[in-house]
Amino acid sequence: MADLSHLLGTKTGDVEKPKPFPVGHYSWVIIGFEIVESSKKKTPGIQVNCKMTEPKDDVDEDELAEVKNAREKQQRMTLWITEDTLWRIKDFLAALGLEDEDKTIEELLPEITGCTFVAPIIH
């Protein structure tokens with residue numbers, strides 16, 4: 001097990017809840033993905049790991065400044081894989097510019113790393 005003494009030695013009065021990203025639109029870059037499974041129904045999914053590259057005009061800059069290491073934080077988005085949700089995956093790939101009707105979703109997935117897109121954060 002990892003040495004957690006530096007974290008567990010923190011006084012409770014010094015622990016603060018991290019500030020969330022403020023609502024608004026952001027540019028994101030995909031840094032990778034992995035195939036996952038939901039814990040309850042065991043539904044397979046694609047977990048897309050992203051980092052924010054740029055806040056858009058509708059993001060409060062002062063609130064964003066309060067988010068510790070905002071540009072280093074990873075955000076995850078999960079696309080569930082079922083027969084009824086394949087269209088969402090196809091639309092996401094198309095939004096990334098990965099439209100190729102001769103390739104399978106499985107063939108296109110490795111190409112998502114490094115792609116950018118704009119998406120909102122909502123609470």
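Buried means under 20% relative accessible area, exposed means over 50%, and partly exposed lies in between. Lys51, at 23% relative accessibility, therefore counts as partly exposed. The model shown in these views is predicted.

**View 1. The buried face of helix α3.** Helix α3 spans residues 86-95. Its buried residues are Ile89, Phe92 and Leu93. Seen down the axis of α3, these residues fall within an arc of 100°, so they line one face of the helix. The cover over them includes strands β1 (24-37), β2 (44-55), β3 (74-80) and β4 (116-121). Helix α4 (105-108) is also part of that cover.

**View 2. The other face of α3, and what follows the helix.** Which exposed residues sit on the face of α3 turned away from its buried side? They are Lys90 and Ala95. Just after α3 comes Gly97, with a positive phi of about 85°.

**View 3. Aromatic pair Phe21 and Tyr26.** A pair of aromatic rings is described by the distance of the centres and the angle of the planes. A search of the whole structure finds 4 aromatic pairs. One of them joins Phe21 and Tyr26. Their ring centres lie 5.5 Å apart, and the planes make an angle of 85°. This arrangement is edge-to-face. Are Phe21 and Tyr26 buried or exposed? Both are buried. Ring pairs also bring in Trp28, so that Phe21, Tyr26 and Trp28 form a cluster.

**View 4. Aromatic pair Phe92 and Phe117.** The rings of Phe92 and Phe117 form another edge-to-face pair. The distance is 5.5 Å centre to centre, with 80° between the planes. Phe92 belongs to helix α3 and Phe117 to strand β4. The two are 25 residues apart, and the pair links distant parts of the chain. Both Phe92 and Phe117 are buried. Phe92 is also one of the buried residues of α3.

**View 5. Two loop residues with positive phi.** Lys42 lies in the loop between β1 and β2. Its phi is near 60°, a positive value in a residue other than glycine. Lys42 is partly exposed, with a relative accessible area of 49%. Asn69 is found in another setting, the loop between α2 (61-65) and β3. Phi of Asn69 is near 55°, again positive in a residue other than glycine.

**View 6. Salt bridge Glu72 to Lys51.** Side chains of opposite charge can pair when their charged atoms come close. The structure has 4 salt bridges. In one of them, the side chains of Glu72 and Lys51 meet at 3.6 Å, N to O. Glu72 lies in the loop between α2 and β3, and Lys51 in strand β2, so the pair ties together parts that are 21 residues apart in sequence. Glu72 counts as exposed at 54% relative accessibility. Lys51 counts as partly exposed at 23%.

**View 7. Salt bridge Lys56 to Glu54.** How far apart are the closest N and O atoms of Lys56 and Glu54? They are 3.3 Å apart, and the two residues form a salt bridge. Lys56 is partly exposed, with a relative accessible area of 28%. Glu54 is partly exposed too, at 39%.

**View 8. Salt bridge Glu111 to Lys103.** Here the closest N and O atoms are 2.9 Å apart. Glu111 is partly exposed, with a relative accessible area of 33%. Lys103 also counts as partly exposed, at 36% relative accessibility.

Methods. Residues numbered from 1 in each chain as written. Predicted model: local features only at pLDDT ≥ 70, side-chain atom pairs only at ≥ 80, totals over all residues. Heavy atoms only, no water. Buried < 20%, exposed > 50% of the residue type's maximum accessible area, 1.4 Å probe, protein only. Helix = DSSP H or I, 4+ residues; strand = E, 2+ residues; numbered from the N terminus. Arc of directions from axis to C-beta. Contact = heavy atoms within 4.5 Å. Phe/Tyr/Trp six-rings, centres within 6.5 Å; stacked < 30°, edge-to-face > 60°.
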